[in-house]
Amino acid sequence: MLVLSRRPGEEVVIAGNIRVTIIAAEGNRVRIGIAAPPSVTVNRKEIHDRRAEWASRKARPKSSRTDEQERCGNLHSGSPHS
């Protein structure tokens with residue numbers, strides 16, 4: 001991880017086309033501005049994590065067995081005599 005010290009108004013450039021500007025620093029809070037091309041998604045980490053979790057749930061194949069069948073170990077979906 002690269003760690004930098006910056007003052008309000010100063011920038012960091014990433015890959016030549018993403019600019020991170022320090023807007024303000026007050027106490028333990030820092031406000032930043034991020035300018036990136038439309039093809040680059042920029043999210044707060046908690047939003048990124050939530051979207052990644054949603055995508056992994058969506059990608060999981062749905063089981064044909066119900067939760068009740070899983071708990072009981074019953075492989076049959078119909079009557080016990082089928």
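This passage describes the fold, the surface and two selected residues of a predicted model.

The model is predicted, and local features require pLDDT of at least 70, side-chain atom pairs count only at pLDDT 80 or more, and totals for chains, interfaces and linings use all residues. Residues are numbered from 1 along each chain as its sequence is written, and side-chain values use heavy atoms, with hydrogens and water left out.

The protein chain contains 2 helices and 3 strands, arranged along the sequence as β-β-β-α-α; helices (H or I, at least four residues) and strands (E, at least two) are DSSP runs numbered from the N terminus. Of the 82 residues, 9% are buried (under 20% relative accessible area, with exposed over 50% and partly exposed in between; 1.4 Å probe, protein chains only). Among contacts (heavy atoms within 4.5 Å) with a separation of 6 or more, 0% join residues 24 or more positions apart.

The accessible surface of the protein chain amounts to about 7700 Å², and carbon and sulfur atoms contribute 53% of this area (Shrake-Rupley method, 1.4 Å probe; for residues, only the protein chains shown count as cover).

Ile-34 is located in strand S3 (residues 29–35) and is classed as partly exposed because its relative accessibility is 44%. Val-13, in strand S1 (residues 11–14), is likewise partly exposed, since its relative accessibility is 44%. The C-alpha atoms of Val-13 and Ile-34 are 9.8 Å apart in space, at a sequence distance of 21 residues. When residues up to four places away in sequence are not counted, Val-13 touches Ile-18 and Arg-19.
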